[in-house]
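Subject: Structure for you to look at

Hello,

Here is the structure I said I would pass on. Please open it and keep it in view while you read the notes below.

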Amino acid sequence: MAFSFNFDLQIKTGEPDNEDTTQKEQAHEAKQVISTDTTKEGTEKVKAAKEHSPPLDYQSLLENTVCETFSLGTLPPIHYLNESVFEQTASELIDSEKILSQTAAQHTDLISGVYEGGLKIWECTYDLLEYLESEGEVFSGKRVLDLGCGAGLLGILALKRGAREVHFQDYNSTVIERLTVPNALLNCEGDDDGDEHDHEKEGEKDSSPLAKRRATDPLQHAKIAKCRFFSGDWTSFLPLMLRSDPPPKYDLIFTSETIYNTAYYSALHEVFHRLLAQDGLVYLAIKAHYFGVGGGLYLFQSFVEEKDIFKMKCLKNVEHGLQRHVVSLSFKKSEKPTNV
Ligand SMILES: C[S@@+](CC[C@H](N)C(=O)[O-])C[C@H]1O[C@@H](n2cnc3c(N)ncnc32)[C@H](O)[C@@H]1O
């Protein structure tokens, strides 16, 4: 099944209309350089978790943006902001964490402890979307967490496919405020299966950017009310969630490309342990190995086995390019998730 990327607005710098998936994947793969040269400030303190509410003035979030649509087989179309345009047009004013300038200066897609890569859509996200499509997954009534969400495509899919509630978490507040929230808003208006495609097929292009057209009063829409957004380190996110009364228990946790750094395994595993419902499932989409950082499937698998709380199941292997996998985690039958 082929992916399709539809650019809703042509970028002036000559971005092609129908970029082929392979090219797009290769481009991302090539750019995904990981830096461990962390700044002193970045590594000294844990980024405190906080909740973000979608702003009332959501239109300003979509100014100077370009919207793309990801379509795959039977999946509903998923709209998202074009990342390169976002990076080119986002000003320092909206980037209080200064992650755009730091990644540009260091020519890297990830600075451990400072910026954890959420402004790009990483290729394992597409692997998991493809897996969910092939399985015909629906999420009716489910409570879902998109952990380390970045652009949030996985959580957005769950939202569009009937999830009762979707929580999005990313390390960086800039990512949540400037990318995840706008993307969720873009997908919250109207019955989204095909209306804009009909226009495009007939060549009836509205002169205003699609991103803006689509975002007419999305806060009134029931879908956005099902979403909550969080930023911060997992070691701080977990206590924040546990302070809720009652703490959430997720039926599904999606997490893509989040096991590259072994230093984070304990915090990541603890989030799964404390926040997954007894019969819940974690879907992880991951590379076999992350060059430059050292994490990967086999190290994470050893970690999970040593903890002896979850069983891991391999759902899908992707052999072309860098070896990638989709795996699931579920509680071993004897394990009771802890509330405190
Ligand atoms: C490489 S990005 C992947 C983004 C997105 N899931 C994707 O596949 O496109 C890794 C994500 O993991 C999250 N992350 C990594 N380490 C984290 C940590 N210690 N605490 C909180 N979030 C973390 C960040 O939010 C970051 O966006």
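A residue is called buried if its relative accessible area is under 20%, exposed if over 50%, and partly exposed in between, using a 1.4 Å probe and protein chains only. The model is predicted, so local features need pLDDT of at least 70 and side-chain atom pairs count only at pLDDT 80 or more, while totals for chains, interfaces and linings use all residues. Residues are numbered from 1 along each chain as its sequence is written, and side-chain values use heavy atoms, with hydrogens and water left out.

The whole chain

The protein chain has 13 helices and eleven strands; these are DSSP runs numbered from the N terminus, helices being H or I with at least four residues and strands being E with at least two. Of its 340 residues, 56% are buried.

Strand 8 and its neighbours

Strand 8 covers residues 250-256, and six of its seven residues are buried, so the rest of the structure largely encloses it. Two strands pair if DSSP finds at least two bridges between them. Strand 5 (residues 143-147) runs parallel to strand 8 and is joined to it by three bridges; here Leu 145 stands opposite Ile 253. Strand 9 (residues 276-287) also pairs with strand 8 in the parallel sense, over six bridges. Thr 255 has Leu 284 in strand 9 as its bridge partner. Between strands 8 and 9 the chain passes through helix 12 (residues 265-275), and this β-α-β crossover is right-handed: with the strands pointing away from the viewer, the path from the first strand over the helix to the second runs clockwise.

The ligand

There are 20 residues around the ligand, and Thr 125, Gly 148, Asp 170, Tyr 171 and Ser 256 come nearest; a residue counts here if one of its heavy atoms lies within 4 Å. Polar contacts are pairs of N or O atoms within 3.5 Å; within protein, one must be able to donate a hydrogen and the other to accept it, and residues adjacent in sequence count only if both atoms are side-chain atoms. A polar side-chain atom of Ser 256 is 2.7 Å from a ligand oxygen atom, and a polar backbone atom of Trp 122 is 2.8 Å from an oxygen atom of the ligand. For Gln 169, a polar side-chain atom lies 3.3 Å from a ligand nitrogen atom.

Thr 108 sits in the loop between helix 4 (99-106) and helix 5 (123-135). Its relative accessibility is 6%, so Thr 108 counts as buried. A polar atom of the Thr 108 side chain lies 2.9 Å from the backbone oxygen of Leu 110.

Regards
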